[in-house]
Amino acid sequence: STIEERLNTVLLQEETRAVTVQAGVMFTETEALIGEQYGQIQVSLNPRTQGQRSVSEVVAAARAAIIDLPTAADVSFLEMSGGPPTEPPVKVNVRGDNFETIAKATSEVKRIVSTIPGARDIRDNEVPGRRQLVIDLQEAQIRQFGLDPADVARLFRLHTDGEIVSILRAEGEKVELRVRADQQSLSRIDAVLDVPVALPDGTMTTMRPMVGTAIERGRGVIQHYNFRRMIQVTAELDPGTTDTLTANKIIVDRWQELAANYPEIDLDFSGALDDIQESLDAFLPLSLFGIGLIYLLLATQFRSYFQPMLILLTIPMSIIGVIFGLALTGNPLSLYTIYGTVALTGIAVNAAIVLIDAANTRVANGMRPLLATISAGRRRVVPILMTTSTTIAGLFSLAVGLGGKSLLWGPVATSIVSGLLVASTLTLFVIPMLYRLFMRGKTITHDVQ
């Protein structure tokens, strides 16, 4: 095809692993669309090496070469993300009851999206159907021929699908008894209008003078969302130009100016915005639940209400490290970095646990809290530094992209590395001081088996 030929001029041999052309199917990140109107070209790239283009750069080059081709096809580009959110940044469900009104409103929404800086691959999911013959019975003409409109409608049924006259049962199965006229080979879709019709006065005519006709393209699929018909508008956003929240806010604000013209229409926003909002809504309660479980485990182990709270102070220390790490590397605070921060809460407390457990052991053996704190710090500083260093070393290459920068997991590794580095450093100074301050005059006894 022309598109494939133009695409091959953009791809470099050393960076391309395979190019697959598929007809009748189009895969998206959430579903597979099947139909004769679909086609897709899949490009698989080799792992990026020094000096080669990134995936985004390859997609941008392909778009520049293909998007201006004189073709009736709706061409769009999809860069597989491989992780959440899997939905497009902009996804608007235009809901209503009348498809003509929905289509007009959809055009307005697409126009609004096209004005958003960085918006690209703007499309809707309205699927064109097959060409169909629309027949409008003309009652006045039918009466002039001495017929009833119901008789003409029945003739059409008999010459097409047939008419069900009875329902029988055969071996427990329902069988329809259908009467249908002799099937003829129709070279044109409107040839059924030339079928002879006997009139009450004994003369013959055809159905053509009794009907009005039009050949239109039907709908390939009728989609519903929350019990109403809808057409879905989606778009991609260039990273660093406009974020998802800003783009959807622009659509909402500009739609308010047009909403009075479409009183039957309402917009429902989903896509990446819905994924982000769902994750943010679940983040706080799940984080509190996790921290509560950590507190219960530590309280059971140390038999103290206060010491687990002292250990949990390392969590805000680690968050400080995450903020500084993202600021230094230029990574945004995204869902991925939030996932890294959640994982960090279970790692950052380890150093404080080691320190406080060592100090408790010495206090239980009769050592004063000051000396126990100093001794625990001296004896546990090397194990703490070793465990922290090995964790940081394991994630460092992913964080800085030594073997290839990952847009998905690089920020996660960065948040863990920076948070752990700051939390472990502050733990060595802050936790011993707080332990010494709150352990004055207290003793700890250990059970002896």
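Modeller: Start with a cut-off. Buried means under 20% relative accessible area, exposed means over 50%, and partly exposed lies in between. Keep in mind that this is a predicted model.

Biologist: What makes the meeting of Asp 148 and Arg 143 a salt bridge?

Modeller: The N to O distance between their side chains is 3.1 Å. The cut-off is within 4 Å, so the pair qualifies. Side chains of opposite charge can pair when their charged atoms come close. Asp 148, at 29% relative accessibility, is partly exposed.

Biologist: How many salt bridges does a search of the whole structure find?

Modeller: The search finds 14. One of them joins Arg 111 to Glu 108, with the closest N and O atoms 3.0 Å apart. Both residues lie in helix α3, 3 residues apart, about one turn of the helix. Arg 111 has a relative accessible area of 44%, so it is partly exposed.

Biologist: Why is Lys 249 called exposed?

Modeller: Its relative accessibility is 52%. Exposed needs over 50%, so Lys 249 passes. Its salt-bridge partner is Asp 253, at 2.9 Å from N to O. Asp 253 is partly exposed, with 39%. Lys 249 and Asp 253 both lie in helix α6, 4 residues apart, about one turn of the helix.

Biologist: Which residues are linked in a network of salt bridges?

Modeller: Arg 95, Asp 97, Arg 228 and Asp 266 are linked in that way.

Biologist: Now the interior. What makes a set of residues a nonpolar core?

Modeller: Its members are buried nonpolar residues, joined through side-chain atoms within 4.5 Å. The largest core here has 23 residues. Val 90, Val 94, Val 109, Ile 251, Trp 255, Ile 265 and Leu 267 touch the most other members. Two or more residues come from each of β3, α3, β12 and α6. Helix α3 gives the most, with 6 residues.

Biologist: What does Ile 265 touch?

Modeller: Leaving aside residues up to four places away in sequence, its contacts include Val 94, Ala 105 and Trp 255. Apart from this core lies another, of 20 residues, among them Ile 311 and Tyr 435.

Biologist: Last one. Why is the pairing of Asp 194 with Arg 208 called a polar contact?

Modeller: Their side chains come to 3.0 Å. Asp 194 lies in the loop between β7 and β8. It also touches Arg 188 and Thr 206. Its relative accessible area is 36%, so Asp 194 is partly exposed.

Note on methods
Residues are numbered from 1 along each chain as its sequence is written. This is a predicted model: local features need pLDDT of at least 70, side-chain atom pairs count only at pLDDT 80 or more; totals for chains, interfaces and linings use all residues. Side-chain values use heavy atoms; hydrogens and water are left out. Buried means under 20% relative accessible area, exposed over 50%, partly exposed in between (1.4 Å probe, protein chains only). Contact means heavy atoms within 4.5 Å. A polar contact is a pair of N or O atoms within 3.5 Å; within protein, one must be able to donate a hydrogen and the other to accept it, and residues adjacent in sequence count only if both atoms are side-chain atoms.
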